[in-house]
Structure formats: structure tokens, C-alpha cells
Amino acid sequence: MASAAGGSLTVTTLDRAGKPVYAQVAVYNTKTNDFRFIESNKATSLPAGSYELVTSINDAQDEGATVGGHNVTVSGTTKTTFDARQGRAVKVSLSPNPGSGYDQTVSAYVCASDNGPANMGTSAPAGEMYVIPSSSKAYELSYGTTYQPRSATGGDFWVASATHTGGVPSGVSATLRQSGLAALKVSARSGPDSGQARFSFGYQATTSTDSCSMSTNSLQFRRELPNSFTAHLPAGQWQVGQDANDFIVDGFHSYAAGTTTSLTLGHAVWGPGGRLPYTWYKQLYLGSINMFADPALAAGGTLASGSVRLTHAGKTLYSHTYGRGQEIDGQPVLPGAGWYTLYESGRRSLPSGSLSTTAGLSLTFYADPGKNQQIRDYITRFWPYALNSRNQAAPGSTTTVALGMQRTGTGDGTIQQLSDSVRSVRAWYTTDNGTTWHATAAKLSGGTWTIAVHNPSSGRVGLRSTVTDTHGDSSTTTVYNAYAVS
């Protein structure tokens, strides 16, 4: 097959004073689907063809930002220019206005309307954002505004956006309504994590018509834990994350305009969670068990190290240690149908006084390697009630702890999930880091198992639960320093 004819492209980028400035340019070949970023103001070798170009230009004096997009046909030596002096103002405000005490920024992204990867944009202080107009329907513009409080400790956050399709308009003057926003009322606790945290809110496009708004709809900021705030966001699918000494993230959830949703980050207790192991063509896949998952946010606590060991008939079949940020790995071959025990342990290296520092999980189960199916068993998720924002209970009080029986399927229809039910639950707690364990009765009411923990005058409380199912499989879940007493 003959290669495409060669050519070169020089994209000149001029700021609002007419001076050449450096910029990256997104370049997409609409026929071959070749996508790359090139540097402006210098020749770049490219195959001949039709390209979509998008760029973002910052003024040399840092007094404004301009975005734009247009097509170009590369044939031989080709030159084209993005001139920020052609840019028109992008003015976006929110009504009602959040009021004083906020810094406002305006964002603008130019995207290829064919959902190609050529899209680029930026944010700038209100009054300093511009867009180069284009009548080509090959492009569209997403624009928005963000209000962030100047205070580092208090205040809400606001994001609003809209999209103009069928070309890039000659400037924007838009007032967006608070009534089109959803409110996420966030309570970010400390204990399992601490210090200054970076909070992130990411948007997921659900249709081809709102894919450009994925870039405009984003919010990131830092706050000291514990902290509470409300993020007002455009209706749609959002994912929430928190990154401090460790990392937790929520899945994407749908939030409707005009609604308020409460979301707690950093619950006690971070402990084993995820999907149970399963057999697949004579191998045991250890699943996606995370030794330090937040009870509400399944993905997190990834900066742990630990070990895993599989035994059968008194012999160790598999043993593995894993480091910080690594997966619990392994697909050991099972010698035959029978009873197996899987031991997993994990620990997190965190500042002194942190909670959920060590966890363990022991699974005893019957497995048939000739069948592709998930093992029976349950993972206990501990939910202490009535803790404060630092995950502390009052001295000498009694804390009720719910025992969530987690048994999440693999999500793979070719792997059978066997029916199961709980036969018995036993539970213990420790106030001396495991030297002594106190038995406490597990009670079932309204479909929920609970235990009562008698708290000391100060210190840390660890939790343990053993669940036995009606088939004889059993699991023991342990979390040290589960919550504090102060």
C-alpha cells in the first residue's frame, strides 16, 4: 500500500496584541483518524489531507485567553493562522448571582461537532475570555462560568455551562440560571484520611450533543479536612473524588436540576470491600477486593501494601506480597473441588493518629474449579452510627455498628453467582489494638445486623466480624483503628 503524500503545516498563533506566542494545536485528520498535538509557529510534517484544527492562545502579558477552530487542507507547504485579535468576548454570569466573596472565572472550549478528538479550551478571569468566530458547522462552542469562594475554609462552589452548536458564535453574552443546577451537599470527614485534600468533580457526557461540555463542566479545589460545602453543578452524570494522604472516588451518578443530594466522604470504617473471588477454567481469580474501601465510595484506599495467601488441605498453594498502589494479584490453579482458605491483609502508612490503618480478611469456601462461578461468602462492611466529623465517638458512650453483608457480583454474565444466605454472625471489638477482643452480640432487625460497642474513655476501637453461610462457608473481616473515642 502506497504511503500518503507528504506535506507540512505551519500554524501561526498571535495573541491579542498581534504578537506570535507559543500554543499547542490539536490536529485531526478527518479521513485517516490520525490525531496529534503540534507546536505553533513552526513547520510540522504531516500527510496530505483535510484536518480539523483547534487551539487555545494565552496572551504574552497574561491578560486574556482566546480559543478557536477551523479546517485546513494540507497539500505541500501549508500555512494557516489563528489571530486572537479576531476574538470576541465570552461573557457568562449566573442568576441569581452568588454574591460577594467569590472569584469568577469563565471557560470556553471549541470542539469538533463530529465528536472527533479535536477539542481545546481554557479558563480565564471574567472579562478576559475570547473566542474566534466561525460559521463552519464542523465546530461548536461550550462555555461556562465558575464561582469559587475566596475563603479557604467556607463557602459554596458554583458551576454553570451551555453549548452553542452549528458553528462558533461571534462572542457570547449569556446569563445562566441557578434553577438548572443540582446541589451536592458534601460532608468530608477526617480520620481515615487527613490534612489538605483536593476535591474533584468530573462530568460524564451521556449523549453526543453534550460531549463538548465534559471539559467545561469540571471543578477542582483544596480544603482542609474535615470540611463541609455544597457544590452547585449542571444537571447530569457526575463523579466525586477526594485526594489527600490517600484517594477515594465515587462512581458516576445522575443528579437532577433543582435537587439537593447529601454525600459523605471519608466514612469510618475503611475496610475490605469489592467483589469476591471466582473460578475460571480451573483457576481462582482473586477478584477486586480492596482492603481499604470507604463504605460509601468503593474505589479508594489504594495506597496500601500487604499480603495474600491461599491454602488447601494444609498446603499453601499461592503466596504473594503487594506494595503501595499495586493490585492484589494472582490466578492460582486449583487442584480440585474442595475447601480452600484465602487470607488477605493490608496496611496503610499514614500520619500518626490516622484511622483504618490495618485490615484483614479470611475467606473459607468450597470451590469447584471445573465450573466458572463466584465463591460463596460475605464481606462485612462496618457502619458505626453517630460519629462526629472526625469519626470520633463520645467517651464512655455506646456505639451502634451496622454490619453490611456485602456480596457483589462480578458483572460478567459468564460467571455464575451462586445463591446464598447468612446462617450466623459473630462479632468482637478491641480497645487495645487487638491484645484483647470483647465479644458482642449481633442482632438482626429489619434486615440489618447490628452490634453494640461499649467505648472506652479515650483511644481507638477495632472491629471484627465472622459470617457463616448456610453452606458452611465463612468469612472473618477485621479493621484495626476503625474509629476514635475522644
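1. Which residue in the turn of the β5 and β6 hairpin has a positive phi? The residue is D62, with a phi of about 60°, and six residues lie between the two strands. Helices (H or I, at least four residues) and strands (E, at least two) are DSSP runs, numbered from the N terminus.

2. On the source: this is a predicted model, in which local features need pLDDT of at least 70 and side-chain atom pairs count only at pLDDT 80 or more, while totals for chains, interfaces and linings use all residues. Residues are numbered from 1 along each chain as its sequence is written, and side-chain values use heavy atoms, with hydrogens and water left out.

3. Overall make-up. The chain holds 42 strands and one helix. Its C-alpha trace spans about 75 × 65 × 35 Å along the principal axes. Of the 486 residues, 51% are buried; buried means under 20% relative accessible area, exposed over 50%, and partly exposed in between (1.4 Å probe, protein chains only). Among contacts in the chain with a separation of 6 or more, 69% are between residues 24 or more positions apart. Contact here means heavy atoms within 4.5 Å.

4. Strand β6 and its partners. Strand β6 covers residues 65-74; eight of these 10 residues are buried, so the strand is largely enclosed by the rest of the structure. Strand β5 (residues 49-58) pairs with β6 in the antiparallel sense over 10 bridges, and L53 has H70 of β6 as its bridge partner. Two strands count as paired if DSSP finds at least two bridges between them. Strand β11 (residues 129-131) runs parallel to β6 and is joined to it by three bridges. Here T66 has Y130 in β11 as its bridge partner.

5. A charge over Y130. The residue Y130 also has R16 over its face, at 3.6 Å from the ring centre. A charge sits over a ring if NZ of Lys or CZ of Arg is within 6 Å of the ring centre and within 35 degrees of the ring normal. A further case is R348, whose charged end sits over the ring of F292, 5.4 Å from its centre.

6. An open sheet. Three strands in the order β4-β1-β7 form an open sheet with mixed pairing. The edges are β4 (43-47) and β7 (76-83); each has a single partner strand, so one side of each is left without a neighbour in the sheet. On average, neighbouring strands of this sheet are turned by 30° against each other, direction ignored. Axes are lines fitted to C-alpha atoms, for helices over the stretch in contact, and angles run from 0 to 180 degrees between N-to-C directions. Strand β1 (residues 6-14) and β7 run parallel and are joined by eight bridges, and L14 has D83 in β7 as its bridge partner.

7. The disulfide. The structure holds one disulfide, taken as a pair of cysteine sulfur atoms within 2.5 Å. The disulfide joins C111 to C212, with an S to S distance of 2.0 Å. The link is right-handed, with 75° about the S-S bond. The pair links distant parts of the chain, 101 residues apart: C111 is in strand β9 (residues 102-112), and C212 is in the loop between β16 and α1 (213-216). Both C111 and C212 are buried.

8. Aromatic pairs. A search of the whole structure finds 14 aromatic pairs. Rings of Phe, Tyr and Trp (its six-membered ring) pair if their centres lie within 6.5 Å; planes under 30 degrees apart count as stacked, over 60 as edge-to-face and the rest as tilted. The rings of F221 and F229 have centres 5.0 Å apart and planes at 85°, so this pair is edge-to-face. F221 is buried at 7% relative accessible area, and F229 is buried at 3%. The rings of W280 and Y281 are also edge-to-face, with centres 4.9 Å apart and planes at 90°. W280 is partly exposed at 26%, whereas Y281 is exposed at 58%. Ring pairs link F157, F199, F201, F221 and F229 into a cluster.

9. Residue S200. This residue is in strand β16 (residues 196-204). Its relative accessibility is 18%, so S200 counts as buried. Leaving aside neighbours within four places in sequence, S200 is in contact with L219, Q220, Q239, V240 and G241.
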